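Please look over the sequence and the structure before reading on.

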Amino acid sequence: MIVKFCDKLLQLRRARRLTQKDVAAACGITRQTYSGYESGERYPKKKEMYQVLADFFEVDVTYLYTDKEMFLDAAHEQYGSRGMAQAQELVSLFAGGELSDQDREAVMRSLERAYWLAKEDNQKYTPKKYRK
């Protein structure tokens, strides 16, 4: 069974009897950001954050990665953004033909996540006077 990134963080934090606020403060992020990691709603945007978390929990950084994170990290290196990496992940889902209902739902969640990540990336590089 593959353990997700979010579940690994939760297990590590609980084993040390820490709050999300404790971990977030020690890693230099907000509690909301860390909470998003633990809930599986978000992933670190920069791979350096994986290392920060690994150092804090005293584990090897590769322990925090699942196949998906390794894929996204590799795709991020190739394509330059996690949104594009997630789009590539979607392409790989369609390579096999028909999708189950569960896979279709995963595709829709991934599309939505890729959309919001791309929108967030665009906001960073759009001057304030052009933002809506």
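## Two loop residues

E58 sits in the loop between α4 and α5; helices here are DSSP runs (H or I, at least four residues), numbered from the N terminus. The model is a predicted one, in which local features need pLDDT of at least 70 and side-chain atom pairs count only at pLDDT 80 or more, while totals for chains, interfaces and linings use all residues. Residues are numbered from 1 along each chain as its sequence is written, and side-chain values use heavy atoms, with hydrogens and water left out.

E58 is not a glycine, yet its phi is positive, at about 60°. With a relative accessible area of 70%, E58 is exposed. In this report exposed means over 50% relative accessible area, buried under 20%, and partly exposed in between (1.4 Å probe, protein chains only).

R17 lies in the loop between α1 and α2. R17 is not a glycine either, and has a positive phi of about 55°. Its relative accessibility is 79%, so R17 counts as exposed.

## The faces of α1

The buried residues of α1 are F5, C6, K8, L9, L12 and R13. Viewed down the axis of α1, they fall within an arc of 160°, so they line one face of the helix. The arc is taken from the directions that run from the helix axis to the C-beta atoms. R14 and A15 are exposed on the other side of α1.

## The nonpolar core

A nonpolar core is a set of buried Ala, Val, Leu, Ile, Met, Phe, Trp, Tyr and Cys residues joined through side-chain atoms within 4.5 Å. The largest one has 18 residues, and those with the most contacts inside it are F5, L9, Y34, Y37, L53 and L64. Two or more residues each come from α1 (5–15), α2 (20–27), α3 (31–39), α4 (47–57) and α5 (61–64). The most come from α4, which gives 5 residues.

Which residues does L53 contact, leaving aside its neighbours within four places in sequence? They are F5, L9, V23, C27, Y34, Y37, P44 and L64, where contact means heavy atoms within 4.5 Å.

## α2 against α4

The axes of α2 and α4 come within 10 Å and cross at roughly 120°. Axes are lines fitted to C-alpha atoms, for helices over the stretch in contact, and angles run from 0 to 180 degrees between N-to-C directions.

V23, A26 and C27 of α2 meet M49, V52, L53, F56 and F57 of α4.
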